[in-house]
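Please open the structure in a viewer and keep the selection tool at hand. The tour below goes stop by stop, saying what to select and what is there.

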Amino acid sequence: MTPELLLGLYRQVCRIRYFEVAVERLIHEGKVRGLVHVSIGHEAVAAGVCAAMAPQDYLLTGHRGHGHVLARGADLYRTVAEILGRAAGLCGGRGGSMHLVATEKGIIGATGIVGGNLPLALGAAYTSLVLRTGGAAVAFFGDGAVGNGAFHESLNLAALWRLPVLFVCENNEVAEFTRREEHTRVARLVDLARVYGMSAERVAEGADAVAVYEAARLALELVRGGGGPYFLEVTVRRLRGHYVGDVRATRRGALEEREIEKWDPVLRTRRRLEDEGMRKDELDVVMAEAEREVEEAVERALASKEASAVNVEAEVYA
Amino acid sequence: MKVRAVEALARAIYEAMERNAEIILLGDGFGGLSPVAREAFRPVWDKFGDRVMTVSISELGLAGAGTGAALAGCRPLVDLSTGSFIFQAWPQVVNEAPNFYYMTGGQSCVPVTFYSLAGIRGAGAAQHSHATHGMLGNVPGLRVLVPATAQDFYDLMMWCLLESQDPSVFLSHALLLLEEGELQTDVWNPPGRAAVLREGMDVTLVGMSVTVLRCLKAAEMLRERGVSAEVVNLRSVVPLDVETLLGSARRTGRVVIADECHRTFGAGAEIAATIAEKAWRELKAPPVRVATADVPIPFSPPLEERVIVTAERVVEAALELCEGRRS
């Protein structure tokens, strides 16, 4: 791995963290309305997988998708503007936090329905074959989706049709408010994928962006090479509640100090990079740049125009 | 040229696939179970087999795959089989596909067609008999097509596969597939244009899908009773051709809406309300609905016959209107 790639991973992890912390702040200040699901604790999955994606690949995300779209290259200012519901937002303020789409970056779908994007990925992958783009479709979802019928139909059809899909399951071991062992008896989610007839691997340390990247790169090579779908389970910890302001989150209990070191993607990825020989001052610069980029974008977005209701009935039909 | 509706349908799919390589078929049961339908579709399977996916019983997965393929640039036609099965695909049909264009600020259009063999087909009982156009018509972003004639089947399918940029539900009807009608294939009439199939002076009979045939039969029965009935075939409920509806309502002053939805909150209610709101002064009587009774469809034929829309019931409603028994 080149130093540029390693620094790029760290840069994404930091950008996403600063972004999510800024979003939390905006919510607490009353500037963002609605339910917002931040991805604090999941940053390394977005950074690692998106770094392994090719330009022609499609990305389909869900309700906890801020990190995915940022890592895939969506404009940071327009992303925060969308979460604020502003005219300059990616979707002109019509989508909000759970519907961040940027088609020019291959981010073709973002659904607020758990499990809803898995079937969409099948069609996107099939289109890659029909149009011979050589690309793959990547769907991000959590372990909560495995209790949903769409999950099982999608895995079955993807394997049946040998589609170029990478299913990325961010297993934080909690579905909304319900712990994994209370919502399924399947302890190893890769087992589910394998019985449907696809390759599946688990990344045990999902806070390490380098480990995620390496696994995703290998998976996407197989997928693009005609190997059929691939299921990547990445173990992470959700370091916040289901949504910002989730009072039930405290019931899970906070991670202990030594665990934070392992499960916080900013800390974990940094340690990995230092182990790889990256210089601390270089990493500090990347981190400071990420913070500045986010703060400038947030400031600009806050100063941008509110969405206008003049055209609220337009664009229902294309 | 006279053809059966299913032949017109198969022909449209064949011709559209020939013109556009981005059209893909998820599923292959479009004609239902009849051998005539199987035969009509044989050229499609023979020529375009590589663009037809064999499927499992996975309506949700298929509807989502169709939507995702449309998001990525294909033009899929998804076979959702018997009409009531669309409920298995409901989250994708009503809460994913129709939202994308609006929700993304116009970035993503979704030219997917969901094919659904809907309606009361006879002895289907409660779980294989749904008319879904009223429910679907309540979803902004969806096109809802209700073909009646062979020409409608051809025109609307050509439009879906070649021109539409929106998700459409093509509501085929099992009782129409073998009906014969004239077909010309030079141009195709898009949805949103109702067809006046028969002109009349005294009363307008509004039909959609299978009830168009019953309205035509009713008009003939009414003629024998000295009543001149106009028959409007809606062809689509979204978009709804309000102009043609109002024009006819204003000419005759009396409207009977024949609709296979259950009466309460069905498509007929929307049409009646629209006519009442916009043409009230020109009406001689309030619009009347002849709709399916508000009961789950019973299996036994005499029971089923009691709850459905028939030509006789349309005639009865029209006569009541014309004779001033309802006002």
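How many of the 13 residues of α7(B) are buried? Twelve of the 13 are, which leaves this helix mostly covered. The model is a predicted one.

**Stop 1: helix α7 of chain B**

Select residues 150–162 of chain B to see helix α7. The buried residues run through B:Ala150, B:Gln151, B:Asp152, B:Phe153, B:Tyr154, B:Asp155, B:Leu156, B:Met157, B:Met158, B:Trp159, B:Cys160 and B:Leu161. Next, draw a distance between the C-alpha atoms at the two ends of α7(B): they are 18 Å apart. That agrees with expectation, because 13 residues at 1.5 Å a residue should span 18 Å.

**Stop 2: the largest cavity**

Rolling a probe the size of a water molecule over the atoms shows where empty space is left. In this structure there are three cavities of 30 Å³ or more. The largest cavity holds about 80 Å³ of space. Select B:Ala131, B:His133, B:His173, B:Ser209 and B:Glu260, which are the closest to its centre among the 13 lining residues.

Now colour β7 (168–173) and α8 (210–224) of chain B; each of them supplies at least two residues of this lining. The most comes from β7(B), with three residues. Sorted by class, the lining of the largest cavity has five nonpolar, seven polar and one charged residues.

Stay with B:Ser209 for a moment. This residue sits in the loop between β10 (203–207) and α8 of chain B. Is B:Ser209 buried or exposed? It counts as buried, because its relative accessibility is 8% and the cut-off for buried is under 20%. Its backbone is worth a look too: phi is positive, about 50°, although B:Ser209 is not a glycine. Most residues other than glycine have a negative phi.

**Stop 3: the second largest cavity**

Select B:Asp28, B:Gly29, B:Phe30, B:Gly31, B:Gly32, B:Ala37, B:Arg38, B:Phe41 and B:Trp45, which line the second largest cavity. The space inside is about 50 Å³. Four of the lining residues are nonpolar, three polar and two charged.

**Stop 4: the second largest pocket**

Which residues lie nearest the centre of the second largest pocket? Select B:Gly134, B:Phe265, B:Gly266, B:Ala267 and B:Glu270, which belong to a lining of 20 residues. This pocket has about 420 Å³ of space. In chain B, α6 (133–137), β12 (235–238), β13 (255–262) and α10 (267–279) each give at least two residues to the lining. The largest share is that of α10(B), five residues. By class, the lining of this pocket has eleven nonpolar, eight polar and one charged residues.

**Stop 5: a cis bond at B:Pro239**

Select B:Pro239, in the loop between β12 and α9 (242–252) of chain B. The peptide bond that joins B:Val238 and B:Pro239 is cis, with omega about 0°. Most peptide bonds are trans. B:Pro239 is partly exposed, at a relative accessible area of 24%. Leaving aside residues up to four places away in sequence, B:Pro239 touches B:Arg143, B:Pro191 and B:Gly192.

**Stop 6: B:Phe85**

Move to the loop between β4 (75–82) and α4 (90–95) of chain B and select B:Phe85. This residue is partly exposed, with a relative accessible area of 23%. Its contacts, not counting residues up to four places away in sequence, are B:Glu59, B:Leu80 and B:His128.

**Stop 7: where the chains meet**

Show both chains together. Chain A brings 38 residues to the contact and chain B brings 45 residues. The area buried between chain A and chain B is about 3200 Å², and carbon and sulfur atoms give 63% of it. In chain A, select A:Tyr126, A:Trp161 and A:Tyr317: these lose the most area to chain B, together 21% of what that side buries.

**Stop 8: A:Arg132**

Finish in chain A, in the loop between α5 (117–130) and β3 (137–142), where A:Arg132 lies. A:Arg132 has a positive phi of about 50°, although it is not a glycine. At 74% relative accessibility, A:Arg132 counts as exposed.

Conventions: Residues numbered from 1 in each chain as written. Chains lettered and ligands numbered in written order. Predicted model: local features only at pLDDT ≥ 70, side-chain atom pairs only at ≥ 80, totals over all residues. Heavy atoms only, no water. 1 Å grid on protein atoms, 1.4 Å probe; cavity = no way out; pocket = protein on both sides within 12 Å on 5 of 7 lines; lining within 4 Å. Points joined across faces, edges and corners; volume = space filled by probe spheres on them. Helix = DSSP H or I, 4+ residues; strand = E, 2+ residues; numbered from the N terminus. Nonpolar A, V, L, I, M, F, W, Y, C, P; charged D, E, K, R; others polar. Expected span 1.5 Å × (residues − 1). Buried < 20%, exposed > 50% of the residue type's maximum accessible area, 1.4 Å probe, protein only. Contact = heavy atoms within 4.5 Å. Buried area = accessible area lost by both parts, 1.4 Å probe.
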